[in-house]
Amino acid sequence: MAKLTTEQLLEQFADLTLVELSEFVKAFEEKFDVTAAAPVAVAGAGGAGAAEEVEEKDSFDVILEAAGDKKIQVIKAVRELTSLGLGEAKAVVDGAPKAVLEGANKETAEKAKESLEAAGATVTLK
C-alpha cells in the first residue's frame, strides 16, 4: 500500500461530510489513544478554580438561526464553509436553527459568522 502525502489526505478529508469527519476523529482518537482537542494553557498558580475563571473559550459552534430572505446565498455560504453537498447544505438551511460548524476555533467561527451574515443569515456563536 502506497503511503499518502499530506495533500492527498487533505483532499480525501475535503470530500467527507461533517458527520463522517466527526466519526473519523473519534475513531482516530480511540485507535491512537490521543485527543484532537487543542491543549489549554493554564495561567498563574492560583489553583484550579482561578484557572477556570481565566480560561477563555476556545471552541465555538456556529449556529444558523434563520436563513433570511436570501436563502440561496445562505446555502452557497454553508457549502463554502463546509464540505456539504447541495442537498445537505439545503437541509441545514431548511432545518434552522442548526449548527453549521461545531468545535471551531474563535477565528474560524467569527469568519464563518461574517460570511453567513453577509449572505443574509442570522447567526449566533455558542
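**Note on the predicted model**

1. Overall make-up. The protein chain has six helices and three strands. The model is a predicted one. Along the sequence, the elements run α-α-α-β-α-α-β-α-β. The chain has 126 residues, and 20% of them count as buried.

2. The sheet. Three strands make an open sheet. Their order is β2-β1-β3, and the pairing is antiparallel. The edges are β2 (98–104) and β3 (122–125). Each edge strand has a single partner, so one side of each lacks a neighbour in the sheet. From one strand to the next, the twist averages 20 degrees.

3. The β1 and β2 pair. Strand β1 covers residues 60–66. β1 pairs with β2 over four bridges, in the antiparallel sense. For a landmark, take Val62: Leu101 in β2 stands opposite this residue. As a general point, strands of a sheet pair through backbone hydrogen bonds, either parallel or antiparallel.

4. A nonpolar surface patch. Leu21, Phe24, Phe28, Phe32 and Val34 form a nonpolar patch on the surface. Together they have about 430 Å² of accessible area. Phe32 belongs to helix α2, which spans residues 18–32. The relative accessible area of Phe32 is 48%.

5. Asp94. This residue lies in helix α5 (residues 86–94). Its relative accessibility is 40%, so Asp94 counts as partly exposed. The side chain of Asp94 makes a polar contact of 2.7 Å with the side chain of Lys90. Asp94 also sits 7.9 Å from Ala67, C-alpha to C-alpha. In sequence, Asp94 and Ala67 are 27 residues apart.

6. Thr82. Is this residue buried or exposed? Thr82 is buried, because its relative accessibility of 11% falls under the 20% limit. Thr82 is placed in the loop between α4 (71–81) and α5. A polar atom of the Thr82 side chain lies 2.8 Å from the backbone oxygen of Val78.

7. Places to look in the viewer. For the sheet, start from the order β2-β1-β3, then find Val62 opposite Leu101. For the surface, display the patch that includes Phe24 and Phe28. For side-chain detail, show Asp94 with Lys90, then Thr82 with the backbone oxygen of Val78.

Technical notes: Residues numbered from 1 in each chain as written. Predicted model: local features only at pLDDT ≥ 70, side-chain atom pairs only at ≥ 80, totals over all residues. Heavy atoms only, no water. Pairing = 2+ DSSP bridges. Helix = DSSP H or I, 4+ residues; strand = E, 2+ residues; numbered from the N terminus. Axes fitted to C-alpha atoms, helices over the stretch in contact; angles between N-to-C directions. Patch = residues over 30% accessible without salt bridge, like charges linked within 9 Å, V, L, I, M, F, W, Y side chains within 5 Å. Areas by Shrake-Rupley, 256 points an atom, 1.4 Å probe, with all protein chains shown as cover. Salt bridge = Lys/Arg side-chain N within 4 Å of Asp/Glu carboxyl O. Buried < 20%, exposed > 50% of the residue type's maximum accessible area, 1.4 Å probe, protein only. Polar contact = N/O pair within 3.5 Å; in protein donor to acceptor, adjacent residues only side chain to side chain.
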